[in-house]
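Here is a short walk through one protein model. Keep the viewer open as you read.

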Amino acid sequence: RDAVFIKRVRAIVQVGCHEPPCENAGCLNFPCDGASVEDENSGVRKAYRTFFELNLWDSFPDSPGGSNTPTPVPTLSPSCITNCTEFPSSSPLEPTASPSKTPFTPPTSVPSEPPTRVADSRISYFEDLSTYLKLRRTLIESEIFVSKSKNRDEDRLYTLDGFLNALRDLATEGVGDMLFYVGRGKDGNFDHGLANIALFFAHAMTRGIAWNTCEEVNHHVIDGKLPLSNACGQHGRSYSDDICPQTDAAMECAVNPNLEVTQASVGDSGSPEFFCAPTSTYPFTGYYDPVSGNTGSSTPISNLAGRTDVEGCCFWGRGILLNQGVCDIGRFNYVFGLPAFVDERSSGRYNIDFCVHPEALCSDFTIADTEFNQFSTTIDTSEVRYLIGLVYWADYVQEYNWGYFDYMEELKIFVDSGMKDDSFVDQFSKI
């Protein structure tokens, strides 16, 4: 699990540098001359994906002390002088003739609640939570659902009512075993649920709410310019390489090099629109100067990962949390989009393939009339901007358990301790 080691191996493979830094052989921090156009973290993700696929972590579990020595460690026989292989340290243990006891599972003291009672209880609990938040509507909508430009109420893309409408089903019914945590359940309480929602809001305030937009805006300035190829990924990321863990690999969006999509809105940012198109249409892309407002397209301008084109770069961030990449968008599509319809799963809400039509994540989608469908049909996708973030939160953030940090356990400790330890928020922000 040492990402630094993986990055160093990647440097050797890609630029022939065995002991970085090497003269004329690349560098430690990508991108640079002679190095890959991909950001180095994509190599780490692909390595981890391979480890999962080969089941290496389960095949070679960690052992105390960092070695896999047998237990107990063999000892030399006192009579061993020259040929020590003749004297094993101990005889193999004899197996028992038969199992010692029949396994015993004590019965539960109280039968579990009937499904209908559980559903009714969840709904009642959510209504109490919803009422609590609505009583604080003025404060929430004046302090949280406000963009950097402090837009007027009628222009706001995100509202408390919209959030609660989208949250209701995911908090009361869920999808499979996935529920957005609102505090109900084992060792949970109302304050735990409110804190989880507050952290969701806090993250959203730096993302979609900040710019009053459903789509990621071009903001990563390089040498005073905004590369149009930032559509492929900003801050060194490559959204088409943001692959899923092996367990979710089937959910990933396939990258279609011929797909053409143009951003519908840049919100209050004033940034140029993202777009994707094949290199046959745009061999390279230029830049936007945020100071002068001019656009240049005569020479290729690369983003931090080295991309100058926008082929297959249709997976910029969408929704209240601006979820990016083929995994996040593909996972949402699998849960609520066309794959759920095809599989006849109950979660199928939208008869849309969001991998083929990512623009539908942020604007209503119209199915054209065909020989089988006399009239065109428009599908309302206004809740998607909330749902894609809520699904990500329930499926990834709430389930985060890496090393010593278990998000759900740390959340409860944080709340029960009076919410005074900011280190939890700092750790959470790194997920």
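The paragraphs below take up the disulfides, then a sheet, then a helix.

This is a predicted model. It holds 5 disulfides. One of them joins Cys 214 to Cys 362, with an S to S distance of 2.1 Å. This pair links distant parts of the chain, 148 residues apart. Cys 214 sits in the loop between helix H8 and E1, and Cys 362 in the loop between helix H10 and strand E6. The link is left-handed, at -75 degrees about the S-S bond. Both cysteines, Cys 214 and Cys 362, are buried.

Another disulfide runs from Cys 244 to Cys 327. The torsion here is 115 degrees, a right-handed link. Cys 244 lies in the loop between E1 and strand E2 and Cys 327 in helix H9, so the bond ties together parts 83 residues apart in sequence. Cys 244 has 2% relative accessibility, so it counts as buried. Cys 327, at 6%, counts as buried too.

Now the sheet. It is open, with 3 strands in the order E1-E4-E5 and antiparallel pairing. Strands E1 and E5 stand at the edges with a single partner strand each, so one side of each has no neighbour in the sheet. E4 and E5 are joined by 2 bridges. Tyr 287 has Gly 296 in E5 as its bridge partner.

Last, helix H12, residues 407-416. Its buried residues are Tyr 407, Met 408, Leu 411, Lys 412, Phe 414 and Val 415. At the start of H12, a side-chain oxygen of Asp 406 comes within 3.2 Å of the backbone nitrogen of Met 408. Just after the helix, Gly 418 takes a positive phi of about 95 degrees.

Notes:
Residues numbered from 1 in each chain as written. Predicted model: local features only at pLDDT ≥ 70, side-chain atom pairs only at ≥ 80, totals over all residues. Heavy atoms only, no water. Buried < 20%, exposed > 50% of the residue type's maximum accessible area, 1.4 Å probe, protein only. Helix = DSSP H or I, 4+ residues; strand = E, 2+ residues; numbered from the N terminus. Polar contact = N/O pair within 3.5 Å; in protein donor to acceptor, adjacent residues only side chain to side chain. Pairing = 2+ DSSP bridges. Disulfide = S-S within 2.5 Å.
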